[in-house]
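I opened the notebook to look at one fold, piece by piece. I wanted the sheet, then the helices, then a single side chain.

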Amino acid sequence: MSYLPPMLDPDEYWDTFRAEHTGVFWDVNSFPIPDIHPHLIYENIKLTLSSKGYTGPVSIWLYAYSESQIRNKEDYELAGIRFCFEPYDTRDYRMTVDMLLCALDHPSSNLIVIARNFLEEDAVFNIHLLHNRRLNIFLAYDQVVEPIIPTQNPLWLLESLWQASLQPSLHQQQGRGEHVVDKKLKTTPMPTVDYVSGSSVRLLDLDRTTLAIWNAVDSAALEDLDPVISAANIDAFFMLKGLPPPDFTKVFADEDALPEHLISKYLGSTLLLDIVPKGNTRVRNQRIATFILFHALSYLCDPTTLLVLSEDVLEEDSLLKTVYEAVRSKGFTLFFEPPKSILASELHLHPRLQRWF
């Protein structure tokens, strides 16, 4: 069953979240890194949060356009600070995906966004959804989307770092007082995604919720498939495994992928289109990652079964691999199938299913 925690009164947030995990998502293009040792950056942030009453564990993500902006990357990794290099046009998406991954591990946490010019409407909307899921959000950017999230600006966190960078005594302490870092935080893991064939998976409970996701990389294939039959085949895939069919299948397709005469057919089926910028693989994968993670957050108490239809699924980018592994580690079951093995077949005509179709 999908679970959405009740909203809190603004005055209740501090008391509720002061001992919870805090994730800091910091765009160094907007706010450059002070010239102090990474260990001191981590310790100073943790100390400043503690002075504000937030005493839980801290994780820090840095975002930059290129590797040249981050010197001594090994020192940051050893300090437990993660970083990723993301182009300007996809930074907003990537930052919200990481926030969702953090929320999946820490469903009740503080999320601090230190960035300017948060422009992507989808990304801003996702932050609003996280707030609605009762996470404590701090935003350094000007909010232009209604309703405004009642949040405080976390620039006091950076001000403390800049103050520290002006004190020679702290420079002399570089390398001292290093905090203990969980080894798993040094780098973002690059998990392997197992290809799961139907014959190797046991039958699951009939009352388990299911979901299907179709990454239509070759959008031209949409014209060759009947959406009603494709939806019936996806239903049949689940039913042949003893599972209920999904309420809907999310289809990620390029802009202008469908001719006008097919749009009405898709509207009449359970295939729901999510249009992504044509040819922008990073945005496509981040949109898919966001959708999966929000679904996982909604069903964290009752993990579901997901079917992922995608070509070359074992070659997906590292972000999707990380998302798949994170979701699977929470008890969700994932099937990976190439689209043609299901959509272009006639599974719904299987003898075991004749009475259902």
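My entries below go from the sheet to the helices and end on one residue.

**Ground rules.** I am working with a predicted model, where local features need pLDDT of at least 70, side-chain atom pairs count only at pLDDT 80 or more, and totals for chains, interfaces and linings use all residues. Residues are numbered from 1 along each chain as its sequence is written, and side-chain values use heavy atoms, with hydrogens and water left out.

**Entry 1, the sheet.** I looked up the strand order first. Five strands make an open sheet, ordered S3-S2-S1-S4-S5, and the pairing is parallel. Helices (H or I, at least four residues) and strands (E, at least two) are DSSP runs, numbered from the N terminus. Two strands pair if DSSP finds at least two bridges between them. I noted the edges: strand S3 (81–85) and strand S5 (136–139) each pair on one side only. From one strand to the next, the twist averages 15°.

I picked S4 and S5. Strand S4 covers residues 110–114 and pairs with S5 in the parallel sense over four bridges. Val113 has Leu139 in S5 as its bridge partner.

I checked H2 (residues 38–51) next. H2 packs on the sheet and touches strand S1 (22–27), strand S2 (58–64), S3 and S4. Contact here means heavy atoms within 4.5 Å. The direction of H2 makes about 125° with that of S2. Axes are lines fitted to C-alpha atoms, for helices over the stretch in contact, and angles run from 0 to 180 degrees between N-to-C directions. H4 (residues 91–105) lies across S1, S2, S3 and S4, and runs at about 170° to S1.

How far apart are the axes of H4 and H11? I found 11 Å, with a packing angle of about 20°; H11 spans residues 318–329. That makes H4 roughly parallel to H11 (angles under 35 degrees count as roughly parallel). From H4, Arg94, Val97, Leu101 and Leu104 meet Leu319, Thr322, Val323, Ala326 and Val327 of H11.

I found Tyr93 in helix H4. Is Tyr93 buried or exposed? Its relative accessibility is 6%, so Tyr93 counts as buried (under 20% relative accessible area is buried, over 50% exposed, partly exposed in between, with a 1.4 Å probe and protein chains only). Leaving aside neighbours within four places in sequence, Tyr93 is in contact with Glu120, Asp122, Ala123, Val283, Gln286 and Arg287. The C-alpha atoms of Tyr93 and Phe118 are separated by 9.8 Å, and the two residues are 25 residues apart along the chain.

Terms used
Angles under 35 degrees count as roughly parallel, over 145 as roughly antiparallel, 65 to 115 as roughly perpendicular and the rest as oblique.
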